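Hi,

Here is the structure I said I would pass on.

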Amino acid sequence: MTQGTLEVLLVGAKGLENTDYLSNMDPYAVLKCRSQEQKSSVASGKGSDPEWNETFVFTVSDSTSELFIKLLDSDGGTDDDFVGEATIPLEAVYAEGSIPPTVYNVVKDEEYRGEIKVGLTFTLEDSRDQGF
């Protein structure tokens, strides 16, 4: 089994449905890879076109086939609103080593809700470093 690190560059999103009717929403992303979950900062007041330019690192094996990104609107005091989600297949990054920032569809209830831009880099872990 091949193991290594997956570096995810969360660039930004465009054309998201604004869930706040009176003001711009405050979007953030929750990135999930198998049981590992990480959260971006909140893009306060950035509304439908947030930018993050944040990097997240996950430990993965080649049996990890997808990265899930859930977009939410941070609402102080009430439950955060679900904006949409993107599923990113990882097969290509295992083969290529890196994928430059690419646009993926954000969907909610199987409908298009905007797009998210993500770059991926996979670094193979050297088995000699595992103390075998």
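**What I found**

Asp 109 is exposed, with a relative accessible area of 63% (exposed is over 50%, buried is under 20% and partly exposed is in between, using a 1.4 Å probe and protein chains only). Before going further: this is a predicted model, so local features need pLDDT of at least 70 and side-chain atom pairs count only at pLDDT 80 or more, while totals for chains, interfaces and linings use all residues. Residues are numbered from 1 along each chain as its sequence is written, and side-chain values use heavy atoms, with hydrogens and water left out.

Back to Asp 109, which sits in the loop between E7 and E8. Its C-alpha atom is 15 Å from that of Asn 18, and the two are 91 residues apart along the chain. Glu 110 is found in that loop too, between E7 and E8. Phi of Glu 110 is positive, near 60 degrees, and the residue is not a glycine. Glu 110 counts as exposed, at 80% relative accessibility.

Where else does a residue other than glycine have a positive phi? Arg 34 does, at about 55 degrees. Arg 34 belongs to the loop between E2 and strand E3 (36-39), and at 52% relative accessibility it counts as exposed.

**The overall picture**

The protein has one helix and eight strands; these are DSSP runs numbered from the N terminus, with helices being H or I of at least four residues and strands E of at least two. Read from the N terminus, the order is β-β-β-β-β-β-α-β-β. The C-alpha atoms fill a box of roughly 60 × 25 × 25 Å along the principal axes. Of the 132 residues, 39% count as buried.

As for contacts (heavy atoms within 4.5 Å), take those between residues at least 6 apart in sequence: 59% of them join residues at least 24 apart. The protein exposes about 7,600 Å², with carbon and sulfur atoms supplying 45% of it; the areas are Shrake-Rupley values with a 1.4 Å probe, and for residues only the protein chains shown count as cover.

On charges, there are 10 positive and 25 negative side chains, and the centres of the two sets lie 1 Å apart. Lys and Arg count as positive, Asp and Glu as negative, and His and the chain ends are left out. Each charge is placed at NZ of Lys, CZ of Arg, CG of Asp or CD of Glu.

An unreviewed UniProt entry carries the annotation "domain: C2" for residues 1-103; its positions are given in the numbering used here, feature names are shortened, and such annotations may be inferred rather than shown by experiment. In the model, that span is 6% helix and 55% strand, and its end C-alpha atoms lie 29 Å apart.

**The core**

The largest nonpolar core has 30 residues, and Leu 67, Ile 116 and Leu 120 have the most contacts inside it. A nonpolar core here is a set of buried Ala, Val, Leu, Ile, Met, Phe, Trp, Tyr and Cys residues joined through side-chain atoms within 4.5 Å. The elements that each supply at least two residues of this core include strand E1 (3-14), strand E5 (66-73), helix H1 (91-96) and strand E8 (111-124).

Ile 69 is found in strand E5 and is buried, with a relative accessible area of 1%.

Phe 122, in strand E8, counts as buried at 11% relative accessibility. Its C-alpha atom is 9.6 Å from that of Gln 3, 119 residues away along the chain.

Is Asp 81 buried, exposed or partly exposed? Asp 81 is partly exposed, with a relative accessible area of 25%. Asp 81 lies in strand E6 and, leaving out residues up to four places away in sequence, touches Thr 19, Asp 20, Leu 71, Leu 72, Asp 73 and Asp 75.

Cheers
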